[in-house]
Amino acid sequence: MNQGQYMVLEDNGRCPSGVSYVLENRRAMKRTFRGMFENIGVRPVEHYPQELLKMLQHIAPAGVAYPRVALLTPGANNSAYFEHTYLARQMGIEIVEGRDLFVRDEHVFMRTTKGPQPVHVIYRRLDDDFLDPTVFRKDSMLGVPGLIRAYRAGNVSLANSLGTGIADDKVMYYFVPRMIKYYLNQEPIIPNVPTYLASEEEDLKFILDNLDNLVVKAANESGGYGMLMGPKASKAEIEEFRQRIQADPRNYIAQPMISLSCHPTFVDGGFEGRHIDLRPFILYGEKIVIVPGGLTRVALRKGSLVVNSSQGGGSKDTWVLYGDE
């Protein structure tokens, strides 16, 4: 938020993560403050796994009456593995790695103790590049050879679909307000943070002239990596990024430093203000479902604006009250 206004910082469409923390935070709060949620009228979020499963079943290939759904994970070494196992358990579906699946006659099967079982829908928590070594990265040990062939044949559905990662590209973010205007002839209800695209000549000049006042982000990085916080950076860091931007302008955007909202946070035995942002979760199946809550991420380091869990951030339970829709 900026001066009390909600603003969109970025979009995540490829492997949106963090909803397990939404559910677990709520569970912990309800266990700690029994009865309070019903008295205050806080809308529940616990239905998310069931809504996710409905969405996955809805996108199954045509003609499949009882689709088998599986969650494809990179494995236990992935930082979001807890979420993968949590969601699979909550939905009552199998969690699989690439080695658990194989393709035969353009159909996907899962290896089980009862023999091969067909899989119709895959909730993939794996980036495109690693999905199928016969199509994308040949060195991928995480994917399933032939998976894309089965997908093209219409025998298996993927969520999210191939290519949705384009929404995660921070350069694409620059164009979202223009897309809303072009396709819907509307103005965005929630504005984007002002964004400058280094591949545009005028923007590039502005960025290079104001590096010490801007936040610069690499287009395809996430988790708080590949980023320059200009007002807090050293001269050496600023000059390093200047060279990076000049060498590859397409790979960088810049934004003014937004003063994120502060929230009282219990740290080191007392309450102090810490910066936060909000990540909502949206499912698009037979109908659009927006979780009445979300992941409030908090920067636990004093004064930090980096809320990513990979950079030491935490999270908070987020309430939406009945009547607040």
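Biologist: Which residues is Tyr123 in contact with, leaving aside its neighbours within four places in sequence?

Modeller: In this predicted model, Tyr123 is in contact with Pro16, Leu52, Leu56, Ala70, Leu71, Leu72, Leu87, Met91 and Ala159.

Biologist: Where do nonpolar side chains tend to be in soluble globular proteins?

Modeller: In such proteins, they tend to be buried together. Here, the largest nonpolar core has 25 residues, and those touching the most other members are Tyr48, Leu52, Leu56, Leu87, Met91 and Tyr123. At least two residues of this core come from each of helix H1 (19-32), helix H3 (48-58), strand S1 (69-72), helix H4 (81-91) and strand S6 (121-124). The largest share, 5 residues, is supplied by H3. There is also a second, separate core of 16 residues, with Leu72, Val119, Leu131 and Leu147 among them.

Biologist: How many aromatic pairs does a search of the whole structure find?

Modeller: The search finds 9 aromatic pairs. One is formed by Tyr174 and Phe175, with 5.0 Å centre to centre and 85° between the planes. An angle over 60 degrees counts as edge-to-face, and this pair is therefore edge-to-face.

Biologist: Which residues do ring pairs link into a cluster?

Modeller: The cluster links Tyr21, Phe82 and Tyr86.

Biologist: Which ring does the charged end of Arg104 sit over?

Modeller: It sits over the ring of Phe109, 4.8 Å from its centre. The charged end of Arg244 sits over the ring of Phe241, 4.6 Å from its centre.

Note on methods. Residues are numbered from 1 along each chain as its sequence is written. This is a predicted model: local features need pLDDT of at least 70, side-chain atom pairs count only at pLDDT 80 or more; totals for chains, interfaces and linings use all residues. Side-chain values use heavy atoms; hydrogens and water are left out. A nonpolar core is a set of buried Ala, Val, Leu, Ile, Met, Phe, Trp, Tyr and Cys residues joined through side-chain atoms within 4.5 Å. Buried means under 20% relative accessible area, exposed over 50%, partly exposed in between (1.4 Å probe, protein chains only). Helices (H or I, at least four residues) and strands (E, at least two) are DSSP runs, numbered from the N terminus. Contact means heavy atoms within 4.5 Å. Rings of Phe, Tyr and Trp (its six-membered ring) pair if their centres lie within 6.5 Å; planes under 30 degrees apart count as stacked, over 60 as edge-to-face and the rest as tilted. A charge sits over a ring if NZ of Lys or CZ of Arg is within 6 Å of the ring centre and within 35 degrees of the ring normal.
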